[in-house]
Amino acid sequence: MKRKIRVLIAKPGLDGHDRGALVIAQGLRDAGMEVIYTGLRQTPKQIVRAALQEDVDAIGLSCLSGAHNVLFPEVLRLLKEEQAEDMIVFGGGVIPRPDAVRLEENGIRKIFTPGTSVKAVAAFVEQAVRENRGEAGDDVLEPPAGVDHIGIAVRSIDEAMTFYADHLHLKADATVEVPEQGVKVAFIPLGNTKLELLEPLNEESPVAKFIEKRGEGIHHIAFSTDSLEARLAQLKKEGLPILNETPVKGAGGYPIAFLHPKAAKGVLVELCEPEGLEEGVEA
């Protein structure tokens, strides 16, 4: 039987606000982890001592006082001094992005900023601990391989091609209809990626409604990924809103799924799995 994940949540320094830390602690408990909360105004030395005594897998640091650049590295230094530098340390709070990048470069495994869901934190901790224990196996998901294509909503593919063909001297593949999605599609190869022109088949098409509301323009960005079903399950576990909880067949013949624009600050994101191309179908 696998040992439960144990996490220490701590508030280093003089920061007197712990509502966020308590929310994270409860969220990790709800995810099945054992959580120890140290309380307010802990020194790095007290935090490290408690982590060693409790034999935790990870330490979560919460800081709203602005002292993260001093306190977080000190926790790492003390762990190294105790030969416990393999213990996962993550943090959160009101931390500017440049500081977050610097802290992660110096050994903090992950910095979470305001707006991150509790489910995303729990999923990160679970994955990081499993990797540390050597339990992750083959289900560790790699980042997307790249941008597969950029979708552009147009009223007419033929009219849109006037610009791309006459002025940029680009050529489009044959136009195909995708009735399930209510669109005609033409891909324009462009280096290692493609442009996807999307023309609505009827007024009820999602693309037609997009054009009516926002006008012609960029509709979505598509990332190529492997293990699409596993990635969707992971994103759902992290609490992201998903439009296609199971993959559907895309215009290229391979499985795709869309995330809700709320997941990416208003950007419609498509995930596609070119390696899942059906036999006999050309992208």
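This is a predicted model: local features need pLDDT of at least 70, side-chain atom pairs count only at pLDDT 80 or more; totals for chains, interfaces and linings use all residues.
The chain's domain assignment gives two parts, domain 1 (6-133) and domain 2 (146-272). Their centres, taken over C-alpha atoms, sit 38 Å apart. Five residues of domain 1 and four residues of domain 2 make the contact. How much area do domain 1 and domain 2 bury between them? The figure comes to about 380 Å², with 48% of it on carbon and sulfur atoms. On the domain 1 side, Lys-119, Ala-123 and Glu-126 lose the most area to domain 2, and together they account for 71% of what that side buries. The rule also finds one salt bridge across this interface. Glu-126 pairs up with Lys-237 in a salt bridge whose closest N and O atoms are 2.6 Å apart.

Now for helix 5, which spans residues 118-133. Helix 5 is 16 residues long and reaches 23 Å from its first C-alpha to its last, close to the 22 Å expected at 1.5 Å a residue. Its buried residues include Ala-120, Val-121, Ala-122, Ala-123, Phe-124 and Val-125. Further along helix 5, Gln-127, Ala-128, Val-129 and Arg-130 are buried too. What covers these buried residues? Among the elements that do so are strand 1 (6-10), helix 1 (19-30), strand 4, strand 5 and helix 8 (228-237). Just past the end of helix 5 comes Gly-134, with a positive phi of about 75 degrees. Gly-134 belongs to the loop that runs between helix 5 and strand 6 (146-153). With a relative accessibility of 63%, Gly-134 counts as exposed, since the cut-off for that label is over 50%. Gly-134 and Leu-71 are 63 residues apart along the chain, and their C-alpha atoms are separated by 29 Å.

Which residues of helix 3 are buried? They are His-68, Leu-71, Phe-72, Val-75, Leu-76, Leu-78 and Leu-79. These residues are on the same side of helix 3 because they cover an arc of only 165 degrees around the axis. The face turned away from that buried side carries the exposed residues Val-70, Lys-80 and Glu-81. As for neighbours, the buried residues of helix 3 pack against helix 2 (44-54), strand 3 (58-63), strand 4 (88-93), helix 4 (97-105) and strand 5 (110-112).

Arg-77 joins Glu-81, and their closest N and O atoms are 3.1 Å apart. The two residues are four apart in helix 3, so about one helical turn separates them. Arg-77 is partly exposed, with a relative accessible area of 43%, whereas Glu-81 counts as exposed at 53% relative accessibility.

Taking the whole model, how many salt bridges does the rule count? The count comes to 14. One of them links Asp-15 with Lys-11, where the closest N and O atoms are 2.6 Å apart. Both Asp-15 and Lys-11 are buried. Another salt bridge connects Glu-245 to Lys-236, with 3.1 Å between the closest N and O atoms. Lys-236 is partly exposed, at a relative accessible area of 47%. Salt bridges can also share partners, and in this way Arg-3, Asp-57 and Arg-133 are joined into one network.

Asp-55 has a positive phi near 55 degrees even though it is a residue other than glycine. Where does Asp-55 lie? Its place is the loop between helix 2 and strand 3. Gln-83, not a glycine either, has a positive phi of about 55 degrees. Gln-83 follows helix 3 and is found in the loop between helix 3 and strand 4. At 71% relative accessibility, Gln-83 counts as exposed.

Notes:
Residues are numbered from 1 along each chain as its sequence is written. Side-chain values use heavy atoms; hydrogens and water are left out. Buried means under 20% relative accessible area, exposed over 50%, partly exposed in between (1.4 Å probe, protein chains only). The arc is that of the directions from the helix axis to the C-beta atoms. Contact means heavy atoms within 4.5 Å. Domain bounds come from an automatic or database domain assignment. Buried area is the accessible area (1.4 Å probe) that two parts lose on being put together, summed over both. A salt bridge is a side-chain nitrogen of Lys or Arg within 4 Å of a carboxyl oxygen of Asp or Glu. The expected span of a helix is 1.5 Å times one less than its number of residues.
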